[in-house]
Amino acid sequence: VVSCGIESLMHGTILSKSFTDIFGSSFYEKDGTIAGVKSSVTFTEKTKFIYAINKGITSKIRENPFNVNTFVAENERRIPFENMIYLGDGPSDIPCFSMIKNNGGHSIGINVDSNWHKEFQLELRKREIPGFKADYKRGSKLRNEIEKILSKS
C-alpha cells in the first residue's frame with residue numbers, strides 16, 4: 001500500500017495483514033505526544049515507493065532511498081507493473097496513474113463528488129483512466145472492474 005494517509009493507522013487495520021509493505025505518512029513523538037511530522041508521502045514519494053515495490057527493494061527503501069535507482073532487469077523484478085492495480089482518489093495520484101498505465105499496469109480513479117475534484121476527474125478523462133464511486137461492495141461497478149482485471153492475470 002502506498003498512501004498519503006497515516007501509516008500507523010493503516011497498520012492498525014485488519015487489511016494490513018494482507019500486505020507485505022505499507023508506505024504512508026508518519027508523526028514523531030516527544031514524551032508520548034505527537035510533536036510533528038516525521039515523514040510525508042508526496043506524489044514524488046509515491047512514484048519512488050512504486051518503483052521500489054516493482055524492483056523488490058522495499059524493506060530498506062526508507063534507510064537507503066537511493067536504492068530505488070539500482071538497475072534491476074525487467075525479467076528479474078519482483079512485481080512487474082503489468083501485475084499492479086493502482087487506485088487513487090486525488091491529484092497526488094496522477095503521476096502514478098500514468099506510470100503504472102504506461103508500463104502495462106492498471107489504474108483506477110476513485111471519484112469523490114466535490115468541486116475540488118472536478119479538475120482531478122478531467123485529468124482522469126484526459127489520461128483515459130476509468131473512474132468509479134468508492135463502492136467496494138460485491139456487484140458494484142468498482143468491484144466488478146477490479147475482479148475483471150484480476151481474472152485476466
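Which side chain meets that of Lys46 in a salt bridge? In this predicted model, the partner of Lys46 is Asp93, with 2.6 Å from N to O. Because Lys46 lies in helix H2 and Asp93 in the loop between S4 and helix H3 (94–102), the pair ties together parts that are 47 residues apart in sequence. A search of the whole structure finds seven salt bridges and three aromatic pairs, and some of these are described below.

**Salt bridges**

- Lys46 counts as buried at 3% relative accessibility, and Asp93 likewise counts as buried at 3%.
- Within helix H2, Lys48 and Glu45 are three residues apart, about one turn of the helix, and they form a salt bridge whose closest N and O atoms are 3.1 Å apart.
- Lys48 counts as buried at 17% relative accessibility, whereas Glu45 is partly exposed at 23%.
- In helix H5 (residues 141–152), Glu147 and Arg143 are four residues apart, about one helical turn, and their side chains meet in a salt bridge at 2.8 Å, N to O.
- Both partners are partly exposed, Glu147 with a relative accessible area of 36% and Arg143 with 24%.

**Aromatic rings**

- A search finds three aromatic pairs, among them the stacked pair of Phe23 and Phe49, with 4.2 Å centre to centre and 10° between the planes.
- This pair links strand S2 (residues 23–30), which holds Phe23, with helix H2 (residues 43–55), which holds Phe49, across 26 residues.
- Phe23 and Phe49 are both buried, and the charged end of Lys48 sits over the ring of Phe49, 5.0 Å from its centre.

Note on methods:
Residues numbered from 1 in each chain as written. Predicted model: local features only at pLDDT ≥ 70, side-chain atom pairs only at ≥ 80, totals over all residues. Heavy atoms only, no water. Phe/Tyr/Trp six-rings, centres within 6.5 Å; stacked < 30°, edge-to-face > 60°. Helix = DSSP H or I, 4+ residues; strand = E, 2+ residues; numbered from the N terminus. Buried < 20%, exposed > 50% of the residue type's maximum accessible area, 1.4 Å probe, protein only. Lys NZ or Arg CZ within 6 Å of the ring centre and 35° of its normal. Salt bridge = Lys/Arg side-chain N within 4 Å of Asp/Glu carboxyl O.
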